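This briefing walks through a structure topic by topic, from its ligand sites to its strands and some individual residues. Please keep the sequence and the model in view while reading.

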Amino acid sequence: MTTPLLEIEELHARVGDKEIIKNFNLTINEGEIHAIMGPNGAGKSTLSYVLTGKPGYEVTSGSVRFKGKDLLSLSPEERAREGVFLIMQYPVEIPGVPTSAFLKQALNAQRKHLNLPELDNVSFIKLLREEGKKLGIDSDMLKRFVNVGFSGGEKKRLETLQMAILKPSFAILDEADSGLDIDALKVVADGVNSLRDEHRSMLVITHYQRLLNYIVPDFVHVFADGHIVKSGNKDLALELEEKGYAEFVKER
Amino acid sequence: MNPFFKNNDDFQTPQWAKGLSQEGKAAFLGIGLPTPKTEAWKYTKLRELETDDYEFAPLADKGAMPKEEFPFACAKIDFLNGQWVKTSNLPQGLTIKPLSEAFAQINQIADIQNYPFAALNSAYLEQGVFIEVAANRQIEMPLVLSYHTIPENRNLLENIRNVIILNTGSQLDLVEYYSYTGEVKSRYLVNQVNEITVKENAQLNHYKFQNEAYKANHIALHAVDVETAGTYKSFCLQKGANIARNETKVKLKGLQAKAQVDGAYVMNGWATLDTTTDIEHLFPQTTSSQLIKGVVGGDAKGVFQGKIHIAPNAVQTEGTQLHKALLLSDTAEIDVKPELEIFADDVKCSHGAASGELDEEQLFYMQSRGISREDAKKMLIDAYLEDVFARIENENLRAWFKDLKQNS
Ligand SMILES: Nc1ncnc2c1ncn2[C@@H]1O[C@H](COP(=O)(O)OP(=O)(O)O)[C@@H](O)[C@H]1O
Ligand SMILES: [Mg+2]
């Protein structure tokens with residue numbers, strides 16, 4: 001039995017005056033991993049921001065349902081607490097905010113939303129140590145300010161740690177492999193794979209096929225000109241790697 | 001008629017203060033209340049003060065004074081409506097005396113000819129204390145001066161003068177704490193002058209929390225002389241009042257004398273919070289450092305005027321100054337006037353000012369992790385102020401100030 005988790009219908013969205021998402025349709029069922037591949041500038045990051053509610057990304061028509069609810073009517077924080085998570089292409093640096101305090105605030109906001117008691121310091125630190133260890137994140141790193149002075153690999157590991165702690169039901173990975181060497185990529189992919197289960201779904205956005213060797217998708221979609229132009233299984237990714245996106249990109 | 005002298009007859013100048021009072025009154029009438037044309041006050045408008053009708057209050061009922069709890073062991077002097085009412089827990093090495101026993105020290109450091117509110121303070125001299133730390137005494141516990149106002153409906157004029165002397169090699173943490181209870185709309189005026197001497201190798205760490213009623217006014221001058229290898233460090237957190245000015249004038253009067261003058265202000269509504277500093281480097285190898293950070297919302301206005309003066313012989317000195325403000329609304333305003341007067345060679349001097357807004361990218365990142373926009377803003381404001389709070393040496397006081405910023 002398949003249960004739809006995310007249903008995107010005839011979505012149009014713009015940034016400023018520019019329409020970027022044009023008639024985008026996609027349904028993701030519980031437990032499925034979908035990959036979206038497309039050329040630079042196609043609007044992949046825009047899609048991830050529209051789904052997470054970033055200000056400035058305006059939906060002009062269409063609908064998005066998440067667990068049957070109207071996702072677009074929720075604030076970014078409500079979406080997060082409902083279980084939507086985004087591993088950002090460029091994680092944001094927040095000088096002055098210690099990483100562990102940030103994570104604690106995020107986790108407790110979610111727990112409050114779910115009517116669970118807030119975690120005290122001791123249990124939180126224990127959880128953080130355990131999950132951090134799996135990703136090679138030590139307590140020194142957690143004492144530093146969020147993403148400040150982190151290498152590209154450290155930033156992506158921290159994103160993965162947040163995902164491991166918040167345990168979202170739906171995760172979007174926007175170019176999770178950008179700026180990573182192969183070892184760092186494996187650490188991130190292992191972290192992500194360990195969260196795979198029959199209910200949790202993911203949308204893996206990538207320009208290159210490489211990441212999909214490590215996070216193997218159930219479906220692959222080609223994204224160009226604001227919508228999906230072709231869908232297939234994981235072999236489509238290999239095909240794209242060989243041929244490139246030329247046939248999908250309009251002549252200018 | 002000058003508003004400050006309308007009810008002049010109600011005020012009984014004590015015998016010991018008569019001469020100082022006459023000098024003060026003459027000086028104040030000579031200078032007058034600063035106007036928008038007065039350079040030193042051009043950003044902080046005082047028009048509202050003129051229309052008020054000030055009263056000198058008899059002492060309020062001591063029983064009505066709330067028991068202020070401080071989350072650290074301390075010696076304490078309580079003031080009620082400007083009057084010294086209680087002293088507790090004084091340690092050895094610390095002497096507290098009424099001002100009448102120290103009048104020879106008054107107006108020795110504060111310059112009433114050039115500071116109109118110091119002149120006014122002198123005209124109504126009566127309240128305040130003389131504090132002295134014995135030579136080579138390191139006082140462990142902070143000394144708290146807790147000033148409480150119960151204004152009721154009156155526009156009280158509270159003139160407070162303290163003389164503070166740290167003798168050679170001594171050390172003290174001094175905390176000034178301002179609070180009120182009762183009528184929040186009262187337009188009382190706290191007008192305070194501290195005359196501070198930090199002698200050779202002594203160190204004063206001076207902390208202040210200003211949280212007056214939102215229509216009240218608060219004007220304070222800290223006039224500080226620092227002698228050879230002495231250190232004066234201050235941190236002032238301002239949150240309350242309608243118009244408030246915290247002015248610090250430091251003279252580094254000996255070789256290797258040091259000053260650190262820091263501050264933070266967090267404000268909303270219609271308030272004007274003014275931080276004015278003037279550091280004079282009069283000797284070689286003196287150093288000064290200033291970090292002032294503001295968070296301004298609503299229709300409020302933050303003012304920073306900072307002057308560093310380096311005298312011709314004061315070589316190998318170092319003076320740095322940085323003011324930064326975070327503007328939370330389109331109608332929030334800041335006015336900044338840095339001034340460097342350098343008459344010596346071989347000095348290191350710098351000043352900087354910056355203002356900005358909360359970063360939307362950071363807010364969204366936090367929200368996308370489930371943190372509410374309101375909480376995200378609070379965290380970013382805390383983060384913004386983190387570096388100035390980090391400069392508070394005493395851990396207990398640092399934690400206390402962080403809490404005051406958040407919860408009072
Ligand atoms: N904040 C923005 N302001 C203006 N244009 C933007 C903004 N974000 C993205 N765009 C434009 O939208 C298009 C899609 O960008 P993006 O979603 O980042 O593509 P991708 O992630 O597929 O490389 C690009 O043409 C880009 O220039
Ligand atoms: Mg992108």
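Which element gives the largest share of the shell around ligand 1? In this predicted model, that share comes from H1(A), which supplies 3 residues. The points below begin with that shell and with the magnesium ion, and then turn to the strands of both chains and to single residues of chain B.

**The shell around ligand 1**

- The residues around ligand 1 are A:Val15, A:Lys18, A:Ile20, A:Pro39, A:Asn40, A:Gly41, A:Ala42, A:Gly43, A:Lys44, A:Ser45, A:Thr46 and A:Tyr57, and by class they divide into 5 nonpolar, 5 polar and 2 charged residues.
- Two side chains place polar atoms beside oxygen atoms of the ligand: a polar side-chain atom of A:Lys18 lies 2.9 Å from an oxygen atom of ligand 1, and an N or O atom in the side chain of A:Thr46 is 2.6 Å from an oxygen atom of ligand 1.
- The backbone takes part through A:Ala42, where an N or O atom lies 3.2 Å from an oxygen atom of ligand 1.
- Ligand 1 would expose 550 Å² if taken alone, and the protein buries 60% of that area.
- The elements that contribute two or more residues to this shell are strand E2 (18-29) and H1, both in chain A.

**The magnesium ion**

- The protein donors of the magnesium ion (ligand 2) are the OG atom of A:Ser45 and the OE1 atom of A:Gln89, which lie 2.1 to 2.4 Å from the ion.

**Helix H1 of chain A**

- Because 9 of the 9 residues of H1(A) are buried, the helix is largely enclosed by the rest of the structure.
- Just after H1(A), A:Gly53 takes a positive phi of about 85°.

**An open sheet in chain A**

- Four strands form an open sheet in the order E2-E1-E4-E5 (chain A), and their pairing is antiparallel.
- E2 and strand E5 (69-70) of chain A stand at the edges with a single partner strand each, so one side of each is left without a neighbour in the sheet.
- Strand E1 (residues 4-15) of chain A pairs with E2(A) over 8 bridges in the antiparallel sense, and A:Leu6 has A:Ile28 as its bridge partner in E2(A).

**Parallel strands in chain B**

- Strand E15 (residues 287-296) of chain B runs parallel to strand E17 (residues 318-327) of chain B and is joined to it by 10 bridges, with B:Thr287 standing opposite B:Glu318 in E17(B).
- E17(B) is also joined by 9 bridges to strand E19 (residues 348-356) of chain B, again in the parallel sense, and there the bridge partner of B:Glu318 is B:Lys348.

**Buried residues in strands of chain B**

- B:Asn194 lies in strand E8 (residues 189-198) of chain B and is buried, with a relative accessible area of 0%, while its side chain forms a polar contact of 3.2 Å with that of B:His222.
- B:Asn205, in strand E9 (residues 203-210) of chain B, is buried at a relative accessible area of 3%, and a polar contact of 2.8 Å joins its side chain to that of B:Asp173.
- B:Ala223 belongs to strand E10 (residues 217-226) of chain B and counts as buried because its relative accessibility is 4%, under the 20% that marks burial.

**Positive phi in loops of chain B**

- B:Gln256, in the loop between strand E12 (243-252) and strand E13 (258-267) of chain B, has a phi near 60°, a positive value in a residue other than glycine, and is partly exposed with a relative accessible area of 42%.
- B:Gln285, which lies in the loop between strand E14 (272-281) and E15 of chain B, likewise has a positive phi of about 60° although it is not a glycine, and counts as partly exposed at 30% relative accessibility.

Definitions and conventions:
Residues are numbered from 1 along each chain as its sequence is written. Chains are lettered from A and ligands numbered from 1 in the order in which they are written. This is a predicted model: local features need pLDDT of at least 70, side-chain atom pairs count only at pLDDT 80 or more; totals for chains, interfaces and linings use all residues. Side-chain values use heavy atoms; hydrogens and water are left out. Donors are N, O and S atoms within 2.8 Å of the metal (3.2 Å for Na, K and Ca); water is not among the atoms, so sites may look incomplete. A residue is near a molecule or strand if one of its heavy atoms lies within 4 Å of it. A polar contact is a pair of N or O atoms within 3.5 Å; within protein, one must be able to donate a hydrogen and the other to accept it, and residues adjacent in sequence count only if both atoms are side-chain atoms. Accessible areas come from the Shrake-Rupley method with a 1.4 Å probe; for residues, only the protein chains shown count as cover. Ala, Val, Leu, Ile, Met, Phe, Trp, Tyr, Cys and Pro count as nonpolar, Asp, Glu, Lys and Arg as charged, and the others, Gly among them, as polar. Buried means under 20% relative accessible area, exposed over 50%, partly exposed in between (1.4 Å probe, protein chains only). Two strands pair if DSSP finds at least two bridges between them.
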